[in-house]
Amino acid sequence: MASIANKTDEQLIVEKHITNLHNGFAHWPRAEEAPPALGDSRWTQDLILATWLMAETGQVPDNGLEYKIGASGGGFDVLDFNIPSQDKWLPADTEIDLSIPLNRRDDGAQLKIDLPMYGGGMSYGSISEHVMQARARAAQQLGTFTSTGEGGYPPSLVPYKDHIITQVATGMFGVREETIQYAPIVEFKYAQGAKPGLGGHLLGDKATDVVAAMRESVPWVSLFSPFPFHSVYSVEDHRKHVDWIRTTNPRALVSVKVSTPTDVDMVAVGSYFAGAHIVHLDGSYGGTGAAPEIAKKNIAMPIEFAIPKVHKYLVSENVREEVTLMASGGVRTAYDVAKAIALGADGCVMGTAELIAIGCTRCSNCERGRGCPFGLTTTDPLLQQLMPADWGQQRIVNMYTAYATQLRDLLRKLGLRSIRELRGRRDLLRYVG
Amino acid sequence: MTHAPTGSHAHTGYHRYHIPTKPAPDIEKWPSRFKVKVRRSGLAKLLLSEVFHYRGRKDVILSRPCMYGVFSGPVGGFMPREEHCVGCLRCTTEFPEFVRIEHNPERQKLGDSYFTFNYVDQIAYESSSGLVPVRGAGYRGKFGGEGWDGMWTDMSEIVRPTRDGIHGRETISTVVDIGYTPNFLQFDAAGQPVGNTPQTLSIQLPILFDGGDLPRGGQAAAIYARAAAELDTLAVLTFEQAIGLGQYARAVVPVLRPQDAARLGQLGFVPRVVEMHGWDDALHAAITAAFPEAIIALRTGFEDTPALVAYAQRGVKVFHLLADFHGRSPEGGFVLDLIRDAHKAFVDAGIREEVTLLGSGGMIAAEHMPKAMICGLDAVAVDTPLLVALQARFGGECASRTASEFVLPARLSEAWGVQRLKNLAASWRDQLLEILGAMGLREVRRLRGEMGRAMFMKTLEADAFAGLLGYTEAN
Ligand code: SF4
Ligand code: SF4
């Protein structure tokens, strides 16, 4: 009781809700019945609960929760692997390598990541600083990266800078010489899948004093990132951007994040010729930020269709081995990652799955009132505290650990010793729609 | 000669088309989206234990998970205010033992099997706020599907000289022309145009209001007409409904049937456009005599494309093509394919540029409008969404244009109804601008028939998955 007496009301309130929430995150995956209003076609009840369970335990769920696919009726959900008979599996103790190189060109640092995944851009202001810290620390622990998104680089992230991608987007918010210089990878965001062709939007309510200072803008005023880069009319213009980054930070790799229009294959090749090391395709079904509903479903193609289109074209142009192709936008599970790679990607960029690991219910209320009631996509000082960074870090690490177990198991059954061998192996997939 | 400074329009009379929106909250109480079930014994137990545990620290004890006021009524969680629930699930996460959030089955009964409650929800939001629905956390629906759901629109990754380039959304034009434009102009020796000359009128947005099958007259017709007039578009109404709406003469398009030929004078005003409900020689002659300047449109089904082309060759230049309210033709074809077929028939006949194709039926969401235009319509004449915006209830399945029952709220007022329709139009127009902006198009007229800027699930899936074990084109 002494401890209660010594604490402020705010401390007690935060502690009370954190305890309750953590109990709930542990309770529901093990309950006989899922919360009836949880989930949707893409992220089913089972997928969300399985992600919570993986985030808690670091283990692959073994209680009957479906953790591999959703119920969207298309894309990854109608693909499966042709698992050969057991006699063709590699022995259980086989070392399986999940690392992928991020630089396949002969210039710049030869970076590799230990998992075929890194974290996608979520900006300071759209998510809380705690979430950013959790993601950055998890990336460090896992030997991979996370991206700042377009909102600046809070000083609390600097200790993890070797695992942080600096994003440069059309609004240039928070882009400074030093944040480019910190970065092992600089990501140009030309477009994002959830709102292709529409630019970014931070509602005024989220542009607090601190967020505005980071973005060098006026507090409480909505911020729009225009679409597209108005300085880019051609591959040559794009090249100028790449040169600008390479001048500021010669060792940085350059990633180009694009959406998935009809000519996404041409865009990818153009990015390669402009000097990109990583071409990052962002399909239309993912995204964590606010987006017009009309854009999410209707503009640009799903990632499942874009990956093979780009992969094939890069092969036909004879540059496939010089490009790292990362896919995102609706990649929800370890199996989605594996399918994306079998369709031709090198690896995947994850966003929503990380948020779900730290308590997102996918309720879509991120922009309502004070922001996320679970403290994720909010700048509200009280709400942010509901997701402590160290808890979040561990949950994200656990989720990826369970993913890694699944990927190793899958590769072993497919007779592959490295995730790199899976790339483009369409013969290992089957259509089950 | 002096010029106004660049950017100043004070002396030019210039004004930018803008739809004034204003909140127009529901007048009919619809069932809440969620049911909030709290086991009272569980809540009482919790309260007691917290009173003890926190030693009466009131703010701590009363701190509840809901941020939306569901538990903020006089007796808190003992009587949750369900209408405030947004389904965030924080309460049930914190208190799984005694709080349960469910989708409200009563809410899910709104609409019918085609106009599902999700669409109803969307229209309710759009017409009450005038805003573009914006939410976080990505897409939640099915991957693709038949019809509209199996179609995606293109976007332009960078500014390209081959495209219009990008524009501020406010400078994208949504004006469309209705009427006849000849394929080419002819001039006499004096340089004066001879022969066929264009006969068009322009409306500010590719959305017309179709009340041509409104079950009853009454207030809805006046709401359609006034809203259309204020929006600078057109409202298609039955002859009976149109009578007496002369103050909105610019906007009202009466639908005329053969029996109306003898009583056209009763209309009381001269319409700019009229619709003939099916072709009738005598009616056509009567209309031409009574309203020589009016554009005459033919209101008919989509399906008989050779007949449509034949009518065009006989002089009909505006077609208002109808599917049922579920977007079906009598033979079962879906409106997306029906539009494509009709558009193609006119293209093949070499006269697509001469005619205007309007369409109704099954276009119930903002995204259906640009998709329908890409498939070949010049503009969409919206039908059931207007009724939903006015909070009409569906009497069972409402597919038929003649036998469906919609019940409008008893408290319907003209001012409220007009604002709801204006809000809906503003929201749909803004969403159209999102699509056009993403495509890099600066005017909606360029969208018509732009099939190269559309992607279809069947083709994309075949390109991506052909060759996979188990995949056949039939999938
Ligand atoms: S508001 Fe809902 S969807 Fe958004 S991050 Fe929070 S839990 Fe997830
Ligand atoms: S689900 Fe969310 S909005 Fe609904 S009652 Fe619970 S906490 Fe409140």
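User: Which residues lie nearest the centre of the second largest pocket?

Analyst: This is a predicted model, so local features need pLDDT of at least 70 and side-chain atom pairs count only at pLDDT 80 or more, while totals for chains, interfaces and linings use all residues. Residues are numbered from 1 along each chain as its sequence is written, chains are lettered from A and ligands numbered from 1 in written order, and side-chain values use heavy atoms, without hydrogens and water. On a 1 Å grid over the protein atoms alone, a pocket is an open set of points with protein on both sides within 12 Å along at least five of seven lines, a cavity is a set where a 1.4 Å probe fits but cannot get out, and lining residues have an atom within 4 Å of a point. This pocket is lined by 19 residues, and those nearest its centre are G145(B), E146(B), G147(B), M457(B) and K458(B).

User: Which element gives the most to the lining of that second largest pocket?

Analyst: Helices (H or I, at least four residues) and strands (E, at least two) are DSSP runs, numbered from the N terminus. Two elements of chain B give two or more residues to this lining, α10 (335-348) and α14 (457-465). With four residues, the one that gives the most is α14(B).

User: What volume does the largest cavity have?

Analyst: Its lining has 46 residues, with G121(A), Q192(A), G287(A), T288(A) and G289(A) closest to the centre. β8(A) gives the most to that lining, with three residues. A volume here is the space filled by probe spheres set on grid points, which are joined across faces, edges and corners, and for the largest cavity that comes to about 580 Å³.

User: How many disulfides does the structure hold?

Analyst: A disulfide is a pair of cysteine sulfur atoms within 2.5 Å. Take C348(A): the closest cysteine sulfur is in C360(A), 19 Å away, so that's too far for a bond. Over all chains, the number of disulfides is zero.

User: Is C348(A) buried or exposed?

Analyst: Buried means under 20% relative accessible area, exposed over 50%, and partly exposed in between (1.4 Å probe, protein chains only). C348(A) has a relative accessible area of 0%, so it's buried.
C372(A), at 8%, is also buried, so the word for C348(A) is buried.

User: Where is A137(B) found?

Analyst: A137(B) isn't a glycine, yet it has a positive phi of about 70°. At 6% relative accessibility it counts as buried, and A137(B) is among the residues closest to the centre of the second largest cavity. Its place is the loop between β3 (134-135) and β4 (151-153) of chain B.

User: What is the relative accessibility of D232(B)?

Analyst: D232(B) is another residue other than glycine with a positive phi, near 60°. It sits in the loop between α6 (219-231) and β10 (235-238) of chain B. D232(B) counts as partly exposed, at 26%.

User: Which residue in β14(B) is the bridge partner of G301(B)?

Analyst: Two strands pair if DSSP finds at least two bridges between them; five bridges join β13(B) to strand β14 (residues 318-322) of chain B, and the two run parallel. The chain crosses from β13(B) through helix α9 (residues 305-313) to β14(B) in a right-handed β-α-β crossover, meaning that, with the strands pointing away from the viewer, the path from the first strand over the helix to the second runs clockwise. In β14(B), the partner of G301(B) is L322(B).
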